[in-house]
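This report describes one protein together with its ligand. Please keep the sequence and the structure in view while reading.

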Amino acid sequence: MPSSGTTEPPALQQHRARYRRIMRFATRVLVQAWWFELVLPRFGLARFAARGRIPRLQKVARRFHGLAIELGGLMIKVGQFMSSRLDVLPPEITRELEGLQDEVAPEAFERIRAQAEAELGLSLSDAFASFDPVAIAAASLGQAHRATLSEGLAADLGFTDVVVKVQRPGIESIVEVDLAALRRVSRWLARVRIVSSRVDAPALVEEFAATSLEEIDYLHEGANAERFEADFAGDARVAAPTVVWERTTLRVLTLSDVTAIKISDVAGLTAAGINPAEVAQELARATFQQIFVAGFFHADPHPGNIFVTPGATGEPGDWRLTYIDFGMMGEITDTLRAGLRDFILAVVARDSRALVASLERLEVLLPSTETDELERAMSALFDRFGGMGVAELQRVDPRELEVFAARFGETIRSLPFQLPENFLLLIRTISLISGVTSALNRDFNMWDAVEPFARTVLNPGTGALREFGQQAVSFASTLARLPRRVDELAARVERGQVAVRTPELDRRMRLLQRAVSRVASAVVFSALLIAGVLLRPTDEVLGWVLMGASVVPLLHVVLGGRGR
Ligand SMILES: Nc1ncnc2c1ncn2[C@@H]1O[C@H](COP(=O)(O)OP(=O)(O)OP(=O)(O)O)[C@@H](O)[C@H]1O
């Protein structure tokens, strides 16, 4: 953003302040990362830096949580996005960021009214027979209100009750500011080799920008709802609301009100005579149908976005799943489909070279990746454990598994993995659905429902391929039952790692920390004072000042040893 002037309009000043807040936060995090992840390891203190990593990251995530609640806009989405990046971030961090969306305050109704009226070119009282000023739900980008259609429109469409989603006024420029800040941070990160060799940060931000810009285009969301509905035309079990195009624009989306029993309301389902276990079964089927048959899937199927609607007959088996919120959809492209098929086939054939090739094809590995190591690790894995069922795996000596898991985990972590957006949405969808189905029926196993669909995706033309397909399915079920065991194992490995430390090292580290923090705070304070008063720094300058300031105490204490 260009430098600030004194006669700027308030909106611009607000945007500038917002941009600065984000950059200040990012600078702080980057400086911290630089210190602990680059500087300390240089001085042989990698183990020390690693020990406090999780609490440190948790603190950053908590701070980010606060910032996101205060700023709203894309920062909420960033938090949500990160909370779903289990591939990059540990669960301790993702957990801190869950639930962000529910904490956003609604916009004042007068502003929502003005926005809706300007969009529709009609006063709300002309556009609707009634409009409830109290929002049903407020999200980061928009909020939803109940309304009723005027008689004429209601008669044409066959329903009266609607839900109107209205975007927060000015959200586009907020999104723009947030994206500008994120792009700048990603450019910084791209210059740091240790980061750029693992993650393509600018590409990640562009992916995120594309989904965010789609989400603030309600015409796109309306079209998604219709495409989804068309995919399930002729399937009485799945439905979506009808879009009232006459009352829909880029920033206002009007949909038939499909409020029914929330899918997670087991007591409500049972009271309506609906068997929750059957709902779980149908939900899994509908999900796999979207993924494997339609290639277009709802990527935000949390319980708030799926209703169970009892049918008109009142029969126990007469009900359907009604989805809402089509802002985030995933697509299975042909490349993704082919890549997944190759991946599954490679696993079944225990062919590590083909497996690595399929990962490359899926763009899960960055192009620069040295794949030999992964190939070796996969071969070792296949040689030792390939083809084993759960029962056989349970008979393996746990110590052997532990050693193996530690070594294998290291190889995996050292590789620059990255999941392309659609892949990520796929994982998110499966994990959300698996949460919902197991809440409906504890004994439900998603993998039992995947079988007919996995066959479709594997497209088994020949007998040999069909056999591979079946093996793939049984392999997948084995994997599905493994996580608890793997979790336990990981926890034990983790504890083993933590135990590698000595009291002497601890004592020195504590002294060092104390000394560093005392000197550092004095230096940083004076540097900030000078920089703040004299230079009116840009965020970049501030970043360098902070970095420079933190070097001084480090040299002082580590080299001169005066902290003791
Ligand atoms: N067609 C509908 N019928 C009934 N209720 C609806 C409908 N559309 C939206 N809602 C209600 O409004 C809430 C917000 O809608 P929606 O989820 O589409 O918005 P969003 O801004 O994308 O929110 P989020 O991303 O948090 O899910 C829903 O949780 C639901 O309670």
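The sections below treat the protein as a whole, its helices, its strands and the ligand.

## Basis of the description

The model is predicted, and local features need a pLDDT of at least 70, side-chain atom pairs count only at pLDDT 80 or more, and totals for chains, interfaces and linings use all residues. Residues are numbered from 1 along each chain as its sequence is written.

## The protein as a whole

The protein has 25 helices and eleven strands. Helices (H or I, at least four residues) and strands (E, at least two) are DSSP runs, numbered from the N terminus. Of the 564 residues, 30% count as buried. A residue is buried if 20 or more other C-beta atoms lie within 10 Å of its own, exposed if 12 or fewer, and partly exposed in between, with C-beta atoms placed from the backbone.

Two residues are in contact if their C-beta atoms, placed from the backbone, lie within 7 Å. Among contacts between residues at least 6 apart in sequence, 66% join residues at least 24 apart.

Helix α1 (residues 10-42) and helix α3 (residues 53-71) have axes that come within 12 Å and cross at roughly 175°. That makes α1 roughly antiparallel to α3. Angles under 35 degrees count as roughly parallel, over 145 as roughly antiparallel, 65 to 115 as roughly perpendicular and the rest as oblique. Axes are lines fitted to C-alpha atoms, for helices over the stretch in contact, and angles run from 0 to 180 degrees between N-to-C directions. On the α1 side, R18, R21, F25, V29 and F36 meet R56, V60, L67 and L71 of α3. These residues divide into six nonpolar, no polar and three charged. Ala, Val, Leu, Ile, Met, Phe, Trp, Tyr, Cys and Pro count as nonpolar, Asp, Glu, Lys and Arg as charged, and the others, Gly among them, as polar.

The axes of α3 and helix α4 (residues 74-83) come within 7 Å and cross at roughly 145°. F64, H65, L67, A68 and L71 of α3 make this contact with M75, I76, V78 and G79 of α4. Here the division is seven nonpolar, two polar and no charged.

## Strand β3 and its partners

Five of the seven residues of β3 are buried, so β3 is largely enclosed by the rest of the structure. Two strands pair if DSSP finds at least two bridges between them. Strand β1 (residues 130-131) pairs with β3 in the antiparallel sense over two bridges, and S130 has T148 of β3 as its bridge partner.

Strand β2 (residues 137-138) likewise pairs with β3 in the antiparallel sense over two bridges. A138 stands opposite Q143 in β3, and a hairpin joins β2 to β3 through three residues. Seven bridges join β3 to β4, and these strands run antiparallel. T148 has D161 of β4 as its bridge partner.

## A four-strand sheet

Four strands form an open sheet in the order β5-β10-β9-β7, with mixed pairing. β5 (238-239) and β7 (261-262) stand at the edges, each with a single partner strand, so one side of each is left without a neighbour in the sheet. Two bridges join β7 to strand β9 (residues 306-310) in an antiparallel arrangement, and I261 has V308 of β9 as its bridge partner.

## Around the ligand

The ligand is surrounded by 19 residues, of which the closest are A137, A139, A144, P241 and D325. A residue counts as near a molecule or strand if its C-beta atom, placed from the backbone, lies within 6 Å of it. The elements that give two or more residues to this shell are β3 (142-148) and β4 (161-167). By class, the shell has ten nonpolar, six polar and three charged residues.
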